[in-house]
Amino acid sequence: MSVSRHLRTRVLRAAAVGVALALAGSACAPSTDGGGEDGDGDVTLTVWSWRPEDAEGYERIFAAFEERNPGVTVEFRGYQNSEYPAILQTGLTQSSGGPDVVQLKPFGPIQSFIGAEQLVPLDDEVDLAAWPEEIVAAARGRDDGRLYGVPFAFQTLGVMYNEELFAEHGLEPPTTWQEMTEAAETLRDADVIPFATAGRDPWVLAILRETMGATRAGGGEFAEEVLAGRTDFTDPDYTASLRTVADLEPYLPEDVTAVGYTDAQTLFTSGRAAMYPGGSYELAPFATAAPDLEIGYFDAPPAPDAVVDTPLTPGFADGSYGVNAASPHRAEAVALVEWMATEEFGRAFAEELRQIPAVPGVAPADPLLAEMRGNYEEHGTPYMMSVYFGYGEPLGRDAEGQALADMLLGRSTEEEAGARIQREISAWFEPTG
Amino acid sequence: MVRTDRLSPAGLRAGRAAPPPRRRPARRGGAGHRPPWWVLAVFVLPALALYTVFIVYPLFSALQYSLFGWQGTRQTGLVGLENFRHLFGGIYGERLWRAFGHNLAFFAGTMLVQTTLGLAFAVLLRRARAGRRFLQTAYVLPHLVSPIVVGYLWSLMLSPQFGAVNAVLRAVGLDALAQPWTGDPALALPTLILVNAWQWIGFPMLLFTAALAGLPPEYEEAARVDGASAWRAFWHVTLPLLVPAIGVVSVLTFVGNMNVLDLVYAMQGSQGAPGGSTDVLGLLFYRTAFNNPDPGAIGQASALAVVMFVFVFGISIAATSVLRRWEARLR
């Protein structure tokens, strides 16, 4: 009997230790984050971003805000771009220890956070009346039309080129489609890949179509017709724009559907490809990968039989900063995003980061970016698939990119591609007209 | 797991199962009797709690989530089977069946390449005199690398512009074999199967090695003495004895292949390039859950998780029971 009692005490003691450890463990978890407040009532605001590469720049940008708001420290935390949506989804659900201010992907992805009431409406806090609506739309609720973020960056699409390679082969930035294809011909004959792009990644192909084919389809006006229900993606002008892009296949990297995004970037930065149709967001990574690379920029000339016979510069807001509704420091967080709508922030942003600031009237410091933004102001058009057709799954850009990949593989005609894009997008999209 | 121990020579000769091993008398503890139930419960509890928290609860919560409507992470109300209707309807249904087909093809290819070669290596290494240890380690080594890393390395090697594979093929004059491995819809899935097999081949090999070690050598020797060729001895004597191990490997391979995600994601992107020809259920789930601007994404993704679980669980259970029957017939 004594053995049994001994066993019993031992088991109970072990159980007690286990419970105590479990309790200690759970007690530890929240205590590591005291809501960002230390002894003096100082506040630490945590800002989450999908651009870890911007951390140093933001540290300097936020220093100005910290100076103006004594007692407030802003901590920038960057996460891997591809992981960010999932991390943010969890972060905004946390009752404590989550972020105070968050970077929000534009247009579609922000909607589910708005639906879950996880973001603070900012209409009464921030005045963006002077901002272009297509930029502010990136941070609006699709159903309630309210504002949930302050857009921070703006991207344009165009063709970047290697100035040294162009000079070497006696080429000038082309102003007509024919000049462009002739230049491509010259480069290809000299064993240089004319255009670097990634046929493996549908979103890159969608960027290629918008860059090269927007003029053929009719730019923003075509998008408005689709939104109003007066036409759809089987429109001959749209399918012809798909054909225009697929016809560039001889000037794309060999086996282009096996080329991934980073491969395409490397082809350009290593000098194996002379032109890179893409976004202004590429300039910073290009500068990191190849600091000596001299990059020039031109708008794709109007495509043959283009509906719009002047060049177009597609653009879109890249994202916004919003306030977590569960933040214990809502007032300070709102003050921070309010400040992000000021010219002071815009200028600091333009100086520290190689991006186009969304704040109106603030020119980017980088001359190339300034040129891109100037072109957009002159003859801009919304990047249709991101601005209007990113509100459901499949995303418009993915549907378009997949269909284009099939065309590049010779598996479908432009009519079939258009019909497929129409079918996939209509799975969630309904015209308003 | 591999129940070759039941097959005693006596049983085999008589063509019936050996008598079950005699039960040892229950070991007597110092106290002279079984500890009371609550003592046993205390010992079982930690494992049971972990199992409940990490396996049972998520399973049931996924089922519950799939029956509700969602606005982001906020549940709105019971919608019945609406999420499932969404999943199987229109273009979503087409993509689901296409992905399911790709998973099945992935499994068939893996069985053909990975399991067959794994068995071959196990049989050959059993005979090997020198270098056995080294080769075993070498085959298992890729196992230790994350599939994301393996996928990244292979996509570099197979890249049409920078890749070593095509460069080597061209250098030795095999230009015709230098293919767009990951860019051709007809080649992309087979390429994935080969890369996956390259990584996991050590796993069936180890299981078969263990199973072979459990087989008494007398059977094969007896067959050889009776004049059977090495191939016949293997085919008619060794292979039937390995059926239990083959069953285990098949079921585990099936479960792994149905849930494959990381390798495909690393090599072909989240859309299963080119043109969706390598889209698998795992990628479809990834897109539905994390790449989906629809506020109802959680419900739709949970419904897909439930469907995948039913597929995998149902087929695994069915396969296991069929295999049991086969084993019984062999005994």
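A salt bridge is a side-chain nitrogen of Lys or Arg within 4 Å of a carboxyl oxygen of Asp or Glu. Asp279(B) is buried, because its relative accessible area of 0% is under the 20% cut-off. Arg98(B) has a relative accessibility of 30% and so counts as partly exposed.

The model shown here is predicted. Confidence therefore deserves a look, starting with chain B. The mean pLDDT of chain B is 88, and 90% of its residues score at least 70. Confidence in chain B is highest in helix H8 (residues 185–200), at a mean of 96. Confidence is lowest in helix H1 (residues 9–14) of chain B, at a mean of 39. Residues 1–19 of chain B have a pLDDT below 50. Beyond near neighbours in sequence, that stretch has 24 contacts in the model.

Back to the charged pairs. Side chains of opposite charge can pair when their charged atoms come close. Over all chains, the structure holds 31 salt bridges. One of them joins Arg60(A) to Glu352(A), at 2.8 Å from N to O. Arg60(A) belongs to helix H2 (residues 55–68) of chain A, and Glu352(A) to helix H14 (residues 343–352) of chain A, so the bridge ties together parts that are 292 residues apart in sequence. Glu352(A) is partly exposed, because its relative accessibility is 30%.

Another bridge crosses from chain to chain. The side chains of Glu393(A) and Arg95(B) meet at 2.8 Å, N to O. Glu393(A) lies in the loop between helix H16 (384–387) and helix H17 (396–408) of chain A, while Arg95(B) lies in helix H4 (residues 90–127) of chain B, so this pair joins two chains.

Now step back to chain A as a whole. Chain A contains 18 helices and ten strands. Its C-alpha atoms fill a box of roughly 95 × 60 × 50 Å along the principal axes. Of its 433 residues, 55% count as buried. Among contacts in chain A between residues at least 6 apart in sequence, 76% join residues at least 24 apart. The accessible surface of chain A is about 17,900 Å². Carbon and sulfur atoms account for 49% of that surface.

Strand E3 (residues 101–104) of chain A gives a view of the strands. In a regular strand the side chains alternate between the two faces of the sheet. Val101(A) and Gln103(A) point one way from E3(A), and Val102(A) and Leu104(A) point the other way. All four are buried. E3(A) pairs in the parallel sense with strand E1 (residues 43–49) of chain A, over two bridges. Here Val47(A) stands opposite Val101(A). E3(A) also pairs with strand E8 (residues 313–323) of chain A, in the antiparallel sense and over four bridges. There Gln103(A) stands opposite Tyr321(A).

A residue in a helix makes another stop in chain A. Glu221(A) is found in helix H9 (residues 219–228) of chain A. Glu221(A) is exposed, because its relative accessibility is 63%. Glu221(A) and Ala246(A) are 25 residues apart in sequence. In space, their C-alpha atoms are 22 Å apart.

The last stop is the surface of chain B. A nonpolar patch there has about 1,200 Å² of accessible area in total. Its members include Leu50(B), Phe54(B), Phe309(B) and Ile317(B). Which helices of chain B each supply at least two residues of the patch? They are helix H2 (37–66) and helix H15 (297–330). H2(B) gives the largest share, eight residues. Val53(B) is another member of the patch, and its place is in helix H2 of chain B. Val53(B) is partly exposed, because its relative accessible area is 48%.

How values were computed
Residues are numbered from 1 along each chain as its sequence is written. Chains are lettered from A and ligands numbered from 1 in the order in which they are written. This is a predicted model: local features need pLDDT of at least 70, side-chain atom pairs count only at pLDDT 80 or more; totals for chains, interfaces and linings use all residues. Side-chain values use heavy atoms; hydrogens and water are left out. Patches are made of residues with over 30% relative accessible area and no salt bridge: like charges are joined within 9 Å, nonpolar side chains (Val, Leu, Ile, Met, Phe, Trp, Tyr) within 5 Å. Accessible areas come from the Shrake-Rupley method with a 1.4 Å probe; for residues, only the protein chains shown count as cover. Buried means under 20% relative accessible area, exposed over 50%, partly exposed in between (1.4 Å probe, protein chains only). pLDDT is the predictor's confidence in each residue, from 0 to 100. Contact means heavy atoms within 4.5 Å. Two strands pair if DSSP finds at least two bridges between them.
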